[in-house]
Amino acid sequence: MSHVKAGGTAKNIHNNAGRRLGVKRFGGQKVKSGEVIVRQVGASKITGPGTYVSRNFTIHAKKDGVVKFTNKKVRRFTGKTVSRTMVCVE
C-alpha cells in the first residue's frame, strides 16, 4: 500500500485567454502604414512587397494601399517546396 498523501486536483488552470491570432485585414481592404494585417505563430504567411514582419511574425503594412493575397512556392532547407500565402500591399 502506498504511503504518499493524495495531491488533490487542480481544476481551474486551463482558463487562459485566446491569443487573437488570424487575418485582421482581408484582400481588397484599404490599410494605412503600420497597420496589422495578419497575426500568426510562425511564418505560415510570408511578406511581399509593401509589407514587413515583426518579431512575433506579425505582418504589417509598410505603406498605405490595398491588401492582396497570392500563393507562392517556397523552398525549405531540406529542398521540399511548400505553398505559402504571400501578403502584399499595392
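Which residue in β8 is the bridge partner of Val67? In the predicted model described here, that partner is Val89. Local features of this predicted model need pLDDT of at least 70, side-chain atom pairs count only at pLDDT 80 or more, and totals for chains, interfaces and linings use all residues. Residues are numbered from 1 along each chain as its sequence is written, and side-chain values use heavy atoms, with hydrogens and water left out.

The secondary structure of the chain consists of eight strands and zero helices. Both kinds of element are DSSP runs numbered from the N terminus, with helices (H or I) of at least four residues and strands (E) of at least two. Read from the N terminus, the order of elements is β-β-β-β-β-β-β-β. The radius of gyration, taken over C-alpha atoms, is 21 Å for the chain, whereas a compact globule of 90 residues would have a value near 12 Å. The globule rule behind that comparison is 2.2 Å times the number of residues to the power 0.38. Along the principal axes, the C-alpha atoms fill a box of roughly 70 × 35 × 20 Å.

The accessible surface of the chain is about 7000 Å², and 53% of this surface belongs to carbon and sulfur atoms. Accessible areas were computed by the Shrake-Rupley method with a 1.4 Å probe; for residues, only the protein chains shown count as cover. Of the 90 residues in the chain, 21% are buried. Buried means under 20% relative accessible area, exposed means over 50%, and partly exposed lies in between (1.4 Å probe, protein chains only). A contact requires heavy atoms within 4.5 Å. Among contacts between residues at least 6 apart in sequence, 45% join residues at least 24 apart.

Strands of a sheet pair through backbone hydrogen bonds, either parallel or antiparallel. Two strands are counted as paired if DSSP finds at least two bridges between them. Four strands form an open sheet in the order β1-β3-β6-β5, with antiparallel pairing. Strands β1 (22–23) and β5 (51–53) stand at the edges with a single partner strand each, so one side of each is left without a neighbour in the sheet. Strand β5 is joined to β6 (residues 59–61) by three bridges in the antiparallel sense, and Tyr52 has His60 of β6 as its bridge partner.

Further pairing involves β7 (residues 65–75), which is antiparallel to β2 (residues 30–31) over two bridges. In this pair, Val31 stands opposite Gly65 of β7. Strand β7 also pairs with β8 (residues 81–89), again in the antiparallel sense, over nine bridges. Asn71 stands opposite Thr85 in β8. The two strands β7 and β8 form a hairpin with five residues between them, and Gly79 in the turn has a positive phi of about 100°. Strand β8 is also joined to β4 (residues 45–47), by three bridges in the parallel sense. There, Lys45 has Thr85 of β8 as its bridge partner.

Gly65, in strand β7, is buried with a relative accessible area of 16%. Leaving aside neighbours within four places in sequence, Gly65 is in contact with Gln29, Lys30, Val31, Val89 and Glu90. The C-alpha atoms of Gly65 and Lys32 are separated by 6.7 Å, although these residues are 33 apart along the chain.

In soluble globular proteins, nonpolar side chains tend to be buried together. A nonpolar core is defined here as a set of buried Ala, Val, Leu, Ile, Met, Phe, Trp, Tyr and Cys residues joined through side-chain atoms within 4.5 Å. The largest nonpolar core has eight residues: Val31, Ile37, Val38, Ile59, Ala61, Val67, Val87 and Val89. Strands β3 (36–39), β6 and β8 each supply at least two residues of this core. Beyond four places in sequence, Val89 touches residues including Val31, Ile37, Pro49, Thr51, Ala61 and Gly65.

Thr51 is found in strand β5 and is buried, with a relative accessible area of 5%. A polar contact is a pair of N or O atoms within 3.5 Å; within protein, one must be able to donate a hydrogen and the other to accept it, and residues adjacent in sequence count only if both atoms are side-chain atoms. The side chain of Thr51 reaches the backbone oxygen of Gly48 at 2.8 Å.
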